[in-house]
Amino acid sequence: MPGDYQMQILLKELLAQSHECEWLEFKKNNTDKQEIGEYISALANSAALLGKPAAYLVWGIEDGTHKVVGTTFKPHSEKVGAQALDMWLTMKLLPRVDFTFHEVVFEDKPVVVLVIRPVTHQPVRFEDNEFVRVGSHKTKLRDHPAKERQLWQLSSNKKFEDEVARERATADDVLQLLNYQTYFALCGLIVPDQAGIIDRLVKEKFLIERADTTFDITNLGALLFARDLSTFGPSLSRKAIRVIVYKGNNRIQAVNESVGKKGYAAGFEELIKYIDGLLPTNEIIGQALRVKQPMYPELAIRELVANSIIHQDLAERGTSPTVEIFARRVEISNSGVPLIDTLRFIDEPPQSRNETMAALMRRLNICEERGSGIDKVIFQIELFQLPAPEFRVTENHTIAVLFAHRGLSAMSKADKIRACYQHACLCFVTSEEMTNTSLRKRFGIADQNYAIASRIIADAIEAQLIRQHDPSSASRKHAKYVPFWA
């Protein structure tokens, strides 16, 4: 959140404008709640149309003369019924808008600045209407079809990563807000002087240099390397990763909940260690020692958490990647439905909505370079003799589920078919074919019980998830199987 010094600079710049415009409105004491909501919609939409990183509604300034007269408006103490003003506005706006009230003293008078960030994926509506500014006038967007079309066209091209998280940061501010040390360490580079640091961060598109020698910090830079995401406002702080531990196998009782503070790249290793410390373990009794082994492979957790970060729908406001730990399973979820079928997670090249962030995290060796990493997950799951992971898609989320160990007899038919299909996929992407023998090894089935593996294979064929590699072969003993898509 901008400090008082930055707000003073901002106000001087706003007052230097010759008149109100599409992204700027001055008020004295107009505190009509409905009017404020409509202005947020209009200013957010106009800022998006003009490519502005923010729009502003300022109280305490006389329109026309730009004289600082002060205001009696106190937004942080205002209520609508029993609800705080900012919460009431948030509930009435769709999609959610990142806006912040700042109460400051400017030229010895109380002034309020409402900073409004534009939304990129659709026009902003307040209650039943979308608004826009035409010159200095607020009007309904539907009355201006050309502007409405332009907004929808912008929404298909603008990327969340490129939006501005913090305006007008000085070089010193940048070094305080971003964990540049971790960035250079991950790149294997020696930290240069301040000018060298700034130059590198600009080249990585973490910063946008302004004409006045200050910098705008992009969402990409803040999301990956923020020392504290909350310093960049609710839009980014709500994207911090949540880790929740439940008692038992349902969500009735949460025993631990933690919300990350650091940017994804800056805090990734620490996050994985934290999750690993919360996971249950199995006790293996050897000849002389009892050895504790993690119930879930760390590499599988690592890849799935990384995937949840880079494949999330960043345009969805108020949601974040979440890791939920139950007694017998772990669920890792992110906003947005996948861009490829879950059945093709193992073999298809990854597709991400956030290609810039995904490419950078791969370059920093935080996640898999060549593929989605799901093949590594399946390999580790088989190595640990765990049930096959499940990939679920809801209306707005993608969920990966890891299950604790259970014997073959305790697995459902669907569990066995899913494991058989994933095993066939894993074999195929490693230039092999699944056989009865390889499937017995995957499930730990004794050789004399080959009929059990044959039954699972038959069920997977019936489900049309696998097929015989050579249908003309009459040999059942040496039959080989491939995924349905091979």
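Author: Start with exposure: buried means under 20% relative accessible area, exposed means over 50%, and partly exposed lies in between (1.4 Å probe, protein chains only). The model is predicted: local features need pLDDT of at least 70, side-chain atom pairs count only at pLDDT 80 or more, and totals for chains, interfaces and linings use all residues. Numbering runs from 1 along each chain as its sequence is written, and side-chain values use heavy atoms, without hydrogens and water.

Now Asp470. Its relative accessible area is 38%, so Asp470 is partly exposed. Asp470 sits in the loop between strand S22 (466–468) and strand S23 (481–483). Helices (H or I, at least four residues) and strands (E, at least two) are DSSP runs, numbered from the N terminus. Lys480 is ten residues from Asp470 in sequence, and their C-alpha atoms are 7.3 Å apart.

Next, helix H13 (residues 374–383). Its buried residues are Ile374, Val377, Ile378, Gln380, Ile381 and Glu382. Their cover includes helix H11 (298–310), strand S20 (390–393) and helix H14 (413–429), where contact means heavy atoms within 4.5 Å.

Last, a sheet. Four strands form an open, antiparallel sheet in the order S5-S8-S9-S10. Strands S5 (93–94) and S10 (137–140) are the edges: each has a single partner strand, so one side of each lacks a neighbour in the sheet. Pairing requires at least two DSSP bridges between two strands. S8 (residues 125–126) and S9 (residues 129–134) pair over two bridges. Arg125 has Glu130 in S9 as its bridge partner.
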